[in-house]
Each structure stands twice: as C-alpha cells, then as structure tokens.
Amino acid sequence: MENTDTITALATPSGESAIALIRVTGPLCETIAREAFSLAKSPAPRRACHGGFRDVAGELLDDVVYILFRGPKSYTGEDVLEISCHGNPLIATRLLEDLLARGCRQSEPGEFTRRAFLNGRMDLTQAEAVMELIQARSDRAIRVANNQLRGNFGRQLDQLKMRLLATVATIEAYIDFPDEDLPPEQKKAEIEAIRSVLGFCSRIIDSGKYAAFLRDGVKTLILGEPNAGKSSLLNCLLGFERAIVSDEPGTTRDFIRERVMLDGHCLQLMDTAGLREATSGIEREGIRKTVELTEEADLFLLVIDGTLPCPELPEEVSKHINAQNCIVVQNKSDLGEMRPLPAPLSDLTQVSLSALSGTGLEDLKAAAVAMIDAHLAQDQDDLILVNARHSTALKELADCLESAIRNFEAGEPAEFVASELRGAVEAIGRVLGRIDTEDMLDVLFSSFCIGK
C-alpha cells in the first residue's frame with residue numbers, strides 16, 4: 001500500500017533526556033535528509049551519520065545523528081529517517097516544527113506500526129505485540145511479547161490455515177460428485193485432522209488466563225482478620241512503608257494496590273480490609289470490597305496470627321481458596337510457637353513469618369513463585385498474549401470446527417462441512433488481520449503511542 005504523505009513524531013518520552021529520537025516515514029524522507037543536512041547526494045542507507053540540522057531558513061538547530069532506511073527494508077516498509085538530537089524538549093520541538101514546515105504532518109497514535117502492517121512488514125498479531133512489548137511488566141512478559149513480535153503466533157496460525165484448506169480441498173473434490181462419498185478411512189483421517197486443529201485452538205484460548213498473569217501481573221489478594229499483619233506483610237514485600245500499621249483494628253478500610261517483582265513475575269498486591277463483623281458503615285463497605293476482590297484474584301495470601309486460634313473464613317471467601325492458589329502465612333513467628341492449622345487450611349501451603357523482622361519472607365517468596373510457576377506449567381515461549389479480539393475470533397474458529405465435526409459424523413452433505421471449515425479459515429484471517437475493516441484498525445492502533 002502506498003502512502004502519499006510523510007509523517008513525523010517524537011519517538012521518545014517528552015521531557016529532558018540525553019537523547020531524543022524523532023522519526024519520519026514517507027516519500028519526503030530522502031529530500032529532507034539532503035536539504036536539512038546540506039548534502040549533495042542522498043546519505044547511504046542504514047549508516048549512522050553526524051551532521052548539523054538546519055531549518056528551512058538555514059539556521060542551525062542542533063548537531064544530530066541521523067540514519068536513512070530505504071523502503072521496503074525498514075520498519076514501516078517505506079523510507080524512514082531517524083534523527084537523534086539532544087534531549088532538550090525545546091530542541092526536539094523546533095526540529096518537529098521544521099519537519100512540519102517541510103511538508104510532513106504529525107503522525108496519529110500507532111500510525112508508524114499501522115503502516116508497517118498495511119505494507120506487509122508484519123501481520124496484525126505482530127503489530128499488537130509491539131504494544132504488548134512496550135507495556136510488559138515482567139521479564140517473562142517481555143520474552144513472550146518478543147516471540148509474538150517475531151511472528152511465532154502468526155506462523156502457527158498460517159500452518160493451521162493451510163491444514164484446514166487442505167481438508168476443504170479434499171472435501172470439495174466430492175461436492176461435484178453427489179453419488180460418491182469419502183471412503184471411511186479418508187473420512188476418519190479428515191475428522192482427526194480437524195480435531196487436531198481444534199485442540200490447538202483450545203490450548204490458545206486457555207492460555208488467555210496465563211497471558212493475563214504476564215500482561216497485568218498476578219492479582220495477589222492479602223486476606224485475614226484485623227491485626228493479623230496484612231499491612232505489615234504488604235510493606236515487607238514492597239520494602240517500604242506503603243500501608244499504615246497500627247494496633248487499632250480496622251485500620252485498612254479500602255484496599256491498597258501495589259506491584260512488586262518476584263523472580264521475573266509481576267505481582268499485583270492488594271491489601272484488603274480485615275475480615276470481621278464490621279463496626280461501621282465504612283468498614284462494612286471495605287469488607288464487601290474484599291469479598292468482591294476474591295472473585296478476580298489469582299493468588300491468595302491468607303495472613304493469620306499464628307499465636308491465636310485460627311479464624312473461620314466467610315463462606316463467600318473460602319469457596320475461592322484451594323491448594324493451588326492459596327498460601328497460609330502464619331505471622332508473628334517471633335512471638336512463639338505457631339499453632340497447628342485446622343482442616344481444611346492444614347492442606348494448604350504454609351509459611352511461618354515475622355512481618356516485623358522479615359524472618360521467613362524469602363520462604364514466602366519462594367512458595368509464591370512456585371505456585372505461580374505451577375500455573376504456568378507450559379513452556380513460557382509457547383504462551384500467547386491473547387487479547388479480547390483474538391479471543392472472539394478464536395472462539396468463532398472453535399465453534400466452526402466443532403460444527404464441522406458434528407456435520408461430518410452425522411453424515412451431512414459435504415457442502416455443510418466445507419462451509420463450516422471456510423468459516424474457520426475466515427476466523428484465522430481475522431486474527432492475522434487479513435480481512436479486517438478500516439474501522440477495526442482505527443480502534444486498534446489508536447491505543448498505541450504517538451511515534452510508534
């Protein structure tokens with residue numbers, strides 16, 4: 001796709017810095033490079049050059065480093081000019097103003113990546129991975145986003161599409177001969193081929209919950225009675241005093257949300273109001289919010305005062321807790337021997353801790369990492385950052401495949417089976433962006449950074 005206009009944007013965050021990067025893409029890049037740097041001929045592509053950037057009036061604006069990338073071997077597939085100037089916001093602004101005066105226009109959010117997609121430099125899953133990479137909150141999220149950016153997901157979907165098209169071709173070969181039917185062994189082979197694609201599709205859909213761990217952080221809910229040490233544990237995990245700690249029960253009325261990194265995992269910690277019979281309207285609302293948060297939590301840290309009898313949890317909380325998602329933190333180990341836990345809490349992972357001194361904190365971190373890794377049992381590199389758009393198309397894909405299998409097994413005409421399989425192929429095309437509408441692209445790329 002050819003774009004007739006040239007766009008520009010600041011690709012680094014605004015504010016003072018050592019270097020600021022300005023990107024330009026479009027047909028004017030080569031002309032701008034020659035005129036702004038007073039060159040007799042175009043600069044060699046993909047070579048860093050040093051020069052003085054002069055505005056249209058001939059005034060020297062800054063000494064910069066610039067690189068010209070010739071299309072189609074560039075990020076956008078068009079000519080691209082990248083200018084690294086000093087990171088004074090005033091300098092960057094003046095350079096941008098001069099580029100606009102030379103015929104460029106300010107890019108829209110995500111327009112560089114949108115052009116890369118429209119020019120065939122990446123499929124839509126790769127374009128989305130750009131934003132996933134920028135917003136990644138952990139080392140593992142970065143690794144998964146990088147794999148997706150390199151096209152792993154797109155290649156897998158392309159392979160599925162080719163397998164489905166081969167099955168469609170086999171089935172359609174019999175449509176013109178209504179008196180003939182697929183031999184039983186051929187029919188069985190085609191059904192198994194469809195089941196194989198369906199199984200892979202189902203695994204991708206299921207990976208959506210794991211992708212949420214990487215994208216948003218593991219939602220970790222700190223639960224317990226008042227004065228059990230929940231806020232002290234939060235402060236201990238963060239390494240600074242984020243929550244108020246007091247001997248007065250019910251100090252935490254609303255929940256506090258903070259993030260912390262544990263062995264490459266991002267944990268979204270939520271300190272909540274103590275679970276007890278509320279004594280005020282505000283505290284009652286805080287406890288209601290705590291119960292509400294249990295429905296969305298991935299990991300529970302149940303904090304109890306290990307020197308006291310174990311409290312009984314409300315049924316609406318306990319029903320969300322199990323051995324795969326909860327660690328019982330027996331706090332105040334510095335005050336004496338911990339009491340044994342009653343069933344069913346005795347079946348959960350247990351850690352003794354002194355939030356006051358930090359004793360046992362490393363054991364708790366190790367237990368949390370082990371529990372998260374158990375959720376991410378599959379190879380991290382196989383995880384796919386499934387978003388809402390992917391999920392909708394993949395569920396449609398799965399529905400089409402299931403319907404095709406039912407029609408096949410029920411002996412329905414080959415046309416019915418082929419129609420469902422063609423619907424599955426179209427759903428794959430929607431994930432890759434091969435048949436998407438302009439309106440959908442407007443929504444998707446509007447969430448990108450300007451300059452990306």
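**Reading a helix pair and a loop serine**

Author: A search of the whole structure finds 0 disulfides. Keep in mind that this is a predicted model.

Reader: Are the cysteines Cys266 and Cys326 buried or exposed?

Author: Buried means under 20% relative accessible area. Cys266 has 4% relative accessibility, so Cys266 counts as buried. Cys326 is buried too, at 0%.

Reader: How do I read the packing of helix 6 and helix 13?

Author: Start with the angle between the axes. Over 145 degrees counts as roughly antiparallel. Helix 6 (residues 152–172) and helix 13 (residues 414–432) pack at about 165°, and their axes are 10 Å apart. The two helices are therefore roughly antiparallel. Their crossing is left-handed.

Reader: Which residues make the contact?

Author: Helix 6 contributes several, including Phe153, Leu157, Leu164 and Ile171. From helix 13 come, among them, Val417, Leu421, Val425 and Ile428. The residues of this contact divide into 16 nonpolar, 2 polar and 4 charged.

Reader: Now a loop. Where does Ser333 lie?

Author: Ser333 sits in the loop between strand 11 (326–331) and strand 12 (349–352).

Reader: What is Ser333 in contact with?

Author: Set aside neighbours within four places in sequence. Ser333 is then in contact with Met338, Ser352, Leu353 and Ser354. Take Ser354: 21 residues separate Ser333 and Ser354 in sequence, yet their C-alpha atoms are 5.1 Å apart in space.

Terms used. Residues numbered from 1 in each chain as written. Predicted model: local features only at pLDDT ≥ 70, side-chain atom pairs only at ≥ 80, totals over all residues. Heavy atoms only, no water. Axes fitted to C-alpha atoms, helices over the stretch in contact; angles between N-to-C directions. Helix = DSSP H or I, 4+ residues; strand = E, 2+ residues; numbered from the N terminus. Parallel < 35°, antiparallel > 145°, perpendicular 65-115°, else oblique. Left-handed = near helix turned anticlockwise from the far one by under 90°. Contact = heavy atoms within 4.5 Å. Nonpolar A, V, L, I, M, F, W, Y, C, P; charged D, E, K, R; others polar. Disulfide = S-S within 2.5 Å. Buried < 20%, exposed > 50% of the residue type's maximum accessible area, 1.4 Å probe, protein only.
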